[in-house]
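Me: Please take one part of this model and look at it closely. I want its setting and its packing, told in one go.

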Amino acid sequence: MVNLLGKPIVITGASSGSGAATALACARAGMPVALGARRAQKLAAIRDQILALGGRAVVVETDVTAPAECDRLVNACVEAFGGVYAVYANAGYGDESPLHEMSDERVRAMFETNFFGSLNIIRPALARMLERSPQPGEAVRGHVLWCSSCLARMTLPRYSIYSATKAAQAHCATAMRHELRPLGVWVSSVHPIGTATEFSDQVTARVGGTRKTIQTPSSLKQTPEFVAQCTVRELRSPRGEVWTGLKGWATRIGMGAAPMLPGVSDWALRRVSARRESR
């Protein structure tokens, strides 16, 4: 178990949803928090909530597609709190479109935010973790978390590029976990299932208000606060992948079985797609 008290964390995409909920949960666990996102006013509101809890927080308006802005966020964490223990690459967005209808610009933009944006914040944060000498008896020197998705394991129609970015994050997290463990840095991937956040509303807005892909039933959706609790539990007791609760584990088993039964999964996706198209 890792004592999180006083261990600073950098979080991107921290102005709303799971990022904001995780920032508050980390603050309650005693972690100083450096918050980054593009919406400065929302960031300030989260910071004020953390301060009201008696926690410590700094905010930096950050576009993760700009490496210099990510450097600035990490440097702000070091200046305010003396270092970086953990980084949560959480910023990202989705799009629902057939691949043949997506321009190169839209495809590249999603990779720039979801995948390269994660690298942009992880690299400077990791450099700060590695420059700190491990303390006697310290098993974990730092912790890198990638916010991936359940769709890293299986895609859906119209989510090919989003799923590809999330699969890339998951694969990188797995490789980095083995590369960095001898150096005392743990690496995890977080795989939320459907979460009640702005994500779905933003996807709907991008496609003009009409969704054609199956969506997570409300009975299976999880709150961002629950995802945040699972993430803090991961920080306290590191493991490779974070699947959120029983619903998350059920999703993991189902999506993990899909590659072994491609005919069955294709049949199910055809049925679901046909049903949605007929509405």
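Reply: **From the sheet to the helix**

Val-87 has its bridge partner in β5: Val-144. That bridge belongs to the parallel pairing of β4 (residues 86-89) with β5 (residues 142-147), which counts 4 bridges. Strands pair here if DSSP finds at least two bridges between them. Helices (H or I, at least four residues) and strands (E, at least two) are DSSP runs, numbered from the N terminus.

The model is predicted, so local features need pLDDT of at least 70 and side-chain atom pairs pLDDT 80 or more, while totals for chains, interfaces and linings use all residues. Residues are numbered from 1 along each chain as its sequence is written, and side-chain values use heavy atoms, without hydrogens or water.

The sheet is open, with 7 strands in the order β3-β2-β1-β4-β5-β6-β7 and parallel pairing. β3 (57-61) and β7 (241-243) are the edges; each has a single partner strand, so one side of each lacks a neighbour in the sheet.

A loop joins β5 to α5, and Arg-158 sits in it. Arg-158 is not a glycine, yet its phi is positive, about 75 degrees. At 18% relative accessibility it counts as buried (under 20% relative accessible area; exposed is over 50%, partly exposed in between; 1.4 Å probe, protein chains only).

Now helix α5 itself. It has 21 residues, 160-180, and at 1.5 Å a residue should span 30 Å; its end C-alpha atoms are 30 Å apart, which agrees. The expected span is 1.5 Å times one less than the number of residues. Its buried residues include Ile-161, Tyr-162, Thr-165, Gln-169, Ala-173, Met-176 and Leu-180.

Take Gln-169, in α5. Its relative accessible area is 0%, so it is buried. Beyond neighbours within four places in sequence, Gln-169 contacts Asn-114, Phe-115, Ser-118, Trp-146, Cys-147 and Ser-148. Contact means heavy atoms within 4.5 Å.

The partner helix is α4 (residues 104-131). It packs on α5 at about 20 degrees, with axes 9 Å apart. Axes are lines fitted to C-alpha atoms, for helices over the stretch in contact; angles run from 0 to 180 degrees between N-to-C directions. That makes α4 roughly parallel to α5 (under 35 degrees; over 145 is roughly antiparallel, 65 to 115 roughly perpendicular, the rest oblique). From α4, the contact involves residues including Val-107, Phe-111, Asn-114, Phe-115, Ser-118 and Leu-126; from α5, Ile-161, Thr-165, Gln-169, Cys-172 and Met-176 are among them.
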